[in-house]
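Visitor: I would like to learn how to read the features of a model like this one. Could you take me through it step by step?

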Amino acid sequence: MRVPAVPALAPLLVCLAALAFLNRGRAWAAGAGEERFAAQRAAMVDRQIAGRDVRDPRVLAAMRRVPRHRFVPAAWVAEAYEDHPLPIGEGQTISQPYIVALMTELLALRGGERVLEVGTGSGYQAAVLAEVAGEVFSIEIVEPLARRAAATLAELGYGKVHVRAGDGYRGWPEAAPFDAVIVTAAPDHVPQPLVDQLKVGGRLVLPVGDAWQELVVCTKTATGIERRDVIPVRFVPMTGEGVRRGR
């Protein structure tokens, strides 16, 4: 007598039910994780950024939105929202959240601007800029970092950020002029090509110096630049042509 085939489906149905349960569990865990990170971002902004001297509501909103934990290596995710820089590989770091917010605020963006960033790094600063400005052009001299940042930004939907690998000392001439320029590595002088690509009235924000560095704001005028030193900082040094030109 032939045994009915229907009971043989029972183990399969059990497996499918278990798989569905596991998938729901993973989805719940992912959602709970994102809620936890969102809470950490809110606390970061309240204590580390608004709790100091950053007041621009657009910048504060951007810092609350951008998932910093997506821009750091897995080994450092637990520290993603703490008040210090973190290593991202290749001898580079992701800046302290406060410094990212401060530099963004110093650009005095109001929305819709074209911004040049020299030193993409992890891509985090570019994402924050994209939340505030209109379009971001970012250059990274370390090619593996450029590829990784471009991939992360694409995954997160930052389509108005354009990343390329190369030496950023001479900027991005074919995309110039820019409303604002930001540099996230320290030259020992203000690079003239970046000033040249800045619109009159625009701002260039960068760290300048060797062992001792100052965060500097340069506002372009019809006759040159007006320079203002803000606070002492510590960034990785600019490499490539910036080093050669400064000597």
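**Reading the features one by one**

Guide: Gladly. In H4, the buried residues are Tyr124, Gln125, Ala126, Ala127, Val128, Leu129, Ala130 and Val132. Please keep in mind that this is a predicted model.

Visitor: How many of the residues of H4 are buried?

Guide: The count is 8 of 9, and H4 is thus mostly covered. H4 spans residues 124-132 and is among the elements that give two or more residues to the lining of the largest pocket.

Visitor: How much space lies in that largest pocket?

Guide: About 590 Å³. The lining has 38 residues, and the closest to the pocket centre are Thr93, Thr184, Ala185, Phe235 and Val236. Besides H4, the elements that give two or more residues to the lining include strand E2 (92-94), helix H3 (97-106), strand E3 (114-118), strand E4 (135-140) and strand E9 (225-233).

Visitor: How do the lining residues divide into nonpolar, polar and charged?

Guide: There are 20 nonpolar, 14 polar and 4 charged residues in the lining of the largest pocket.

Visitor: Let us turn to charges. What is the general idea behind a salt bridge?

Guide: Side chains of opposite charge can pair when their charged atoms come close. In this structure the count comes to 11 salt bridges. One of them joins the side chains of Asp56 and Arg110, at 3.6 Å from N to O. The pair links distant parts of the chain, 54 residues apart: Asp56 is in the loop between helix H1 (9-49) and helix H2 (57-65), and Arg110 is in the loop between H3 and E3.

Visitor: Are Asp56 and Arg110 buried or exposed?

Guide: Asp56 counts as buried because its relative accessibility is 12%, under the 20% cut-off. Arg110 counts as exposed because its value is 57%, over the cut-off of 50%.

Visitor: What else lies in the loop between H3 and E3?

Guide: Gly111 has its place there. Gly111 is partly exposed, with a relative accessible area of 35%. Gly111 and Glu131 are 20 residues apart in sequence, and their C-alpha atoms are 8.7 Å apart in space.

Visitor: How should I read a salt bridge within a helix?

Guide: An α-helix has 3.6 residues a turn, so residues three or four places apart point the same way. Here, the side chains of Glu143 and Arg147 meet in a salt bridge at 3.5 Å, N to O. Because Glu143 and Arg147 are 4 residues apart in helix H5 (residues 143-155), about one helical turn separates them. Glu143 is partly exposed at 45% relative accessibility, whereas Arg147 is exposed at 51%.

Visitor: And which parts does the salt bridge between Glu241 and Arg170 tie together?

Guide: The side chains of Glu241 and Arg170 meet at 3.1 Å, N to O. Glu241 lies in helix H7 (residues 241-245) and Arg170 in the loop between strand E5 (161-165) and strand E6 (178-183), so the pair ties together parts 71 residues apart in sequence. Glu241 is buried, with a relative accessible area of 13%, and Arg170 counts as partly exposed at 40%.

Visitor: With which side chain does the side chain of Glu117 make a polar contact?

Guide: The partner is the side chain of Ser138, at 2.6 Å.

How values were computed: Residues numbered from 1 in each chain as written. Predicted model: local features only at pLDDT ≥ 70, side-chain atom pairs only at ≥ 80, totals over all residues. Heavy atoms only, no water. 1 Å grid on protein atoms, 1.4 Å probe; cavity = no way out; pocket = protein on both sides within 12 Å on 5 of 7 lines; lining within 4 Å. Points joined across faces, edges and corners; volume = space filled by probe spheres on them. Nonpolar A, V, L, I, M, F, W, Y, C, P; charged D, E, K, R; others polar. Polar contact = N/O pair within 3.5 Å; in protein donor to acceptor, adjacent residues only side chain to side chain. Buried < 20%, exposed > 50% of the residue type's maximum accessible area, 1.4 Å probe, protein only. Salt bridge = Lys/Arg side-chain N within 4 Å of Asp/Glu carboxyl O.
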